[in-house]
Amino acid sequence: MLQRCCFFRIFATEMRRIALFILLWSCLSAQGARPKVGLVLGGGGAKGAAEVGVLKVIERSGIPIDYIAGTSIGAIVGGLYAAGYTAAELDTMFCKQEWLSLLTDRHNDYSSEPYKVKDGITYIFGFPVMGDLKAGDIGGFGLIRGEQVEQLIDSMANAKKCPNVDELKIPFRCVASDFRSASEVIIKNGRLSMAVRASMSIPGIFKPVLLDGKILVDGGMLNNLPVDVVKAMGADIVIAIDLQQEEKKAPKRSADLGILEGLGDLLGIGGLLKWVTTRPDITKYADNIKLSTIYIHPPLPDMDASSFGNKNSARMIKVGEEEAMKHWDELIRLKEQLNND
């Protein structure tokens with residue numbers, strides 16, 4: 001049984017290599033110029049550190065990146081990489097950031113106080129749990145505003161003189177979801193920090209982002225590995241980094257699910273309940289894996305979306321780097337073919 005699995009794995013790898021050669025050749029013949037390379041960074045919370053490890057290897061290979069698309073933590077990594085930050089600089093960011101405070105808006109000055117009210121905001125051990133709604137805030141959806149994440153992205157993007165998505169050095173798109181209609185929203189302009197905040201707004205944890213009349217939440221609800229997005233940007237070749245570890249299956253249809261969808265229509269949240277009962281993201285995820293040219297899937301079975309921390313980040317970066325090195329021959333063949341083109 002083990003030999004059979006190994007055979008099929010080797011066979012699948014060889015078929016990918018043949019497909020890569022055919023694709024490169026056809027692109028060269030049709031366009032007379034080198035194919036464009038897209039980079040896709042999937043969502044996965046703290047596991048995004050592994051994407052930094054993969055980026056180190058891609059940089060080492062010398063492959064040029066023409067387009068980037070990301071979801072959730074992949075939007076943070078991808079957006080900053082598109083702004084001009086190197087993998088080494090992102091390594092430093094992941095390993096030195098105080099992620100608990102960053103992601104929870106914790107006020108460290110009040111971290112030792114059980115209860116504190118300041119400027120209309122109630123803090124418990126430094127964590128803001130109640131307060132006056134600010135412009136653009138949406139009550140009842142999540143506790144965390146994500147202000148510190150926005151401030152970090154703003155400062156880093158401003159340092160590279162490209163605070164907006166359409167000003168980035170590499171064309172970039174990130175994915176969010178419209179909460180009411182459960183439809184995919186591709187963000188291609190506006191402040192990078194706001195785009196990233198929308199893409200990472202896990203319902204019930206982070207407050208959604210109100211943009212153009214839409215309530216935007218985590219893009220992973222609909223497209224956690226947006227290969228189709230980067231291909232729509234113009235990418236011929238796609239390097240996809242997937243952080244998802246567990247296999248998911250769409251729910252089976254039943255009369256009860258149909259009743260639930262009908263109730264959602266009456267309440268004005270039919271799109272959301274339809275998503276719950278059909279899970280279109282699962283089908284899209286499988287399709288996007290097939291669309292990728294080089295698929296890199298760092299194994300992180302003992303890590304989850306909340307496994308932040310200096311030691312965890314350093315270990316996940318190493319895992320990403322090691323997994324990417326298993327694809328080194330593919331990356332070098334791609335680099336050589338691009339040079340020939």
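## Cysteines

Cys95 has 17% relative accessibility, so Cys95 counts as buried (under 20% relative accessible area, with exposed over 50% and partly exposed in between; 1.4 Å probe, protein chains only). Cys174 is buried too, because its relative accessibility is 0%. The disulfide count is 0, taking a disulfide as a pair of cysteine sulfur atoms within 2.5 Å.

## Basis

This is a predicted model: local features need pLDDT of at least 70, side-chain atom pairs count only at pLDDT 80 or more, and totals for chains, interfaces and linings use all residues. Residues are numbered from 1 along each chain as its sequence is written, and side-chain values use heavy atoms, leaving out hydrogens and water.

## Nonpolar cores

The largest nonpolar core holds 65 residues. Such a core is a set of buried Ala, Val, Leu, Ile, Met, Phe, Trp, Tyr and Cys residues joined through side-chain atoms within 4.5 Å. Leu39, Ile68, Phe172 and Ile239 have the most contacts inside it. Helix 3 gives the most to this core, with 8 residues (helices are DSSP runs of H or I, at least four residues, numbered from the N terminus).

A second, separate core has 15 residues, including Leu225, Val227, Ile289 and Tyr295.

Beyond its neighbours within four places in sequence, Ile68 contacts residues including Leu39, Tyr81, Phe172 and Met233 (contact: heavy atoms within 4.5 Å).

## Helix 2 against helix 3

Helix 2 (residues 49–61) packs on helix 3 (residues 73–83) at about 35°, with axes 11 Å apart. Axes are lines fitted to C-alpha atoms over the stretch in contact, and angles run from 0 to 180 degrees between N-to-C directions.

Glu51, Val52, Leu55 and Glu59 of helix 2 meet Ile73, Gly74, Val77 and Tyr81 of helix 3.

Notes:
Helices (H or I, at least four residues) and strands (E, at least two) are DSSP runs, numbered from the N terminus.
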